[in-house]
Every structure is written in C-alpha cells, then in structure tokens.
Amino acid sequence: MEELNYLNPTELLEKIYNTLCSEYEDEAHYENDQDKQEIEVTKKRLTKKVFNEFVVDDEYFLTMDPKTFKERYHLFEKDLFKLINGCSKHGVPYEKFLQIIDDLLACANYRLNAFQQLEEEIARIKAEKALEEAEPEEETAGEETEETEEESEKE
C-alpha cells in the first residue's frame, strides 16, 4: 500500500468501510420495500461512521473541535461523503479507498497552507508599512533638531 500523507487509518475504519461495501452488495438481493428502507438507513449511518472515523493529525473528525473542522475540512465535507459513497457502492478496495481520501485531504491541507501563507504575508506587509510610517517621523524630528541648532548658531 502507498504511504498516506494525511489520513491515519484505524482498524475500525477498515471494518466499517468493509461493512458498508457489503451493505451495497446485499442491497441487490432485497425486494421488500421495508428491507430496502432499512438498508438505506444502514448505509447512511455507516457512511457517517466512516466519515467520523477519519483521523488526521491524531484527531478524529468526530471529536475534532468544530472551529478546527470548519476551518480545515468543512469545504470538502460533501466531497468526502461523495467519495465514501462512490467507493463503497462500487466495492473499491480498502487500500485504494484510503489513497483516494488521502488525496482529497491533501487538497484541504494545501488550501489551509495557502491561507496561512496569505496571513503571514499580510502581517509582513503591515509590519513594513508601520516601519515606513515611523521612519518619516524620525527624519522630521532629526530635521527639526538641525534647524534649532542652526538658529542657535545665528544668535
């Protein structure tokens, strides 16, 4: 298996994912509407459990601080669910599923890094401007001192 960059899979994730895949396989064998409804509910619940079992930077999505989740992954939430559903519906092997999810998490990480770079650059520019604004005041103060000295010499 390829090494993952962001996702830290757990044993439980693999079990839940495989169960979800088997629900999609079993679905074709049920004809009763009640059974189909129950399977639909089970698939939705298992999909959510797979999502909650994602671990990034030693933090589960389930227990992650809501602010942190919103900042980093909320934009990709629909895509993550779409990938979970697509992979499990078509029986994508677990290792490939992990790689696909990891690739999407890489996008989220690159986005976060881009915004962090923006914040750092804004802070740098503001600091430079503050320094430039402080310099003319120092030069003016220096000029005033020179004028005062010249006036003293004339007297």
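Phe69 counts as buried, because its relative accessibility is 12%, below the limit of 20%. The model in which this residue is described is a predicted one.

**Overall architecture.** The secondary structure of the chain consists of five helices and two strands. Followed along the sequence, these elements give the pattern α-α-β-β-α-α-α. The chain has 155 residues, of which 30% count as buried. Among contacts in the chain with a separation of 6 or more, 72% are made by residues 24 or more positions apart.

**Aromatic residues.** The aromatic pairs in the model number twelve. In one of them, the ring centres of Phe61 and Tyr73 lie 5.0 Å apart and the planes stand at 40°, so this pair is tilted. Phe61 and Tyr73 are twelve residues apart, and their pairing links distant parts of the chain. Phe61 sits in the loop between strand 2 (59–60) and helix 3 (66–72), whereas Tyr73 sits in the loop between helix 3 and helix 4 (77–89). Tyr73 also pairs with Phe69: the ring centres are 6.2 Å apart and the planes are at 45°, so this pair too is tilted. The class follows from the angle, because planes under 30 degrees apart would count as stacked and planes over 60 as edge-to-face.

| Residue | Relative accessibility | Class |
|---|---|---|
| Phe61 | 6% | buried |
| Tyr73 | 6% | buried |
| Phe69 | 12% | buried |
| Asp79 | 37% | partly exposed |

Asp79 is located in helix 4. Its C-alpha atom is separated by 9.5 Å from that of Ile101, a residue 22 positions away along the chain.

**Helix 1 and helix 2.** Helix 1 (residues 11–27) packs on helix 2 (residues 33–52) at an angle of about 155°, and the two axes are 9 Å apart. Helix 1 is therefore roughly antiparallel to helix 2, since this description applies to angles over 145 degrees. The two helices cross in a left-handed sense. From helix 1, the contact involves Leu13, Ile16, Tyr17, Thr19, Leu20, Glu23, Tyr24 and Glu27. From helix 2, the partners are Ile39, Glu40, Thr42, Lys43, Leu46, Thr47, Lys49 and Val50. By class, this contact comprises eight nonpolar, three polar and five charged residues.

**Helix 2 and helix 4.** The axes of helix 2 and helix 4 come within 10 Å and cross at roughly 120°, so helix 2 is oblique to helix 4. This crossing is right-handed. Helix 2 contributes Thr47, Lys48, Val50 and Phe51, which meet Glu77, Leu80, Phe81, Ile84 and Asn85 of helix 4. The residues of this contact divide into five nonpolar, two polar and two charged.

Key:
Residues are numbered from 1 along each chain as its sequence is written. This is a predicted model: local features need pLDDT of at least 70, side-chain atom pairs count only at pLDDT 80 or more; totals for chains, interfaces and linings use all residues. Side-chain values use heavy atoms; hydrogens and water are left out. Axes are lines fitted to C-alpha atoms, for helices over the stretch in contact, and angles run from 0 to 180 degrees between N-to-C directions. Helices (H or I, at least four residues) and strands (E, at least two) are DSSP runs, numbered from the N terminus. Angles under 35 degrees count as roughly parallel, over 145 as roughly antiparallel, 65 to 115 as roughly perpendicular and the rest as oblique. A crossing is left-handed if the near helix is turned anticlockwise from the far one by less than a right angle, and right-handed if clockwise. Contact means heavy atoms within 4.5 Å. Ala, Val, Leu, Ile, Met, Phe, Trp, Tyr, Cys and Pro count as nonpolar, Asp, Glu, Lys and Arg as charged, and the others, Gly among them, as polar. Rings of Phe, Tyr and Trp (its six-membered ring) pair if their centres lie within 6.5 Å; planes under 30 degrees apart count as stacked, over 60 as edge-to-face and the rest as tilted. Buried means under 20% relative accessible area, exposed over 50%, partly exposed in between (1.4 Å probe, protein chains only).
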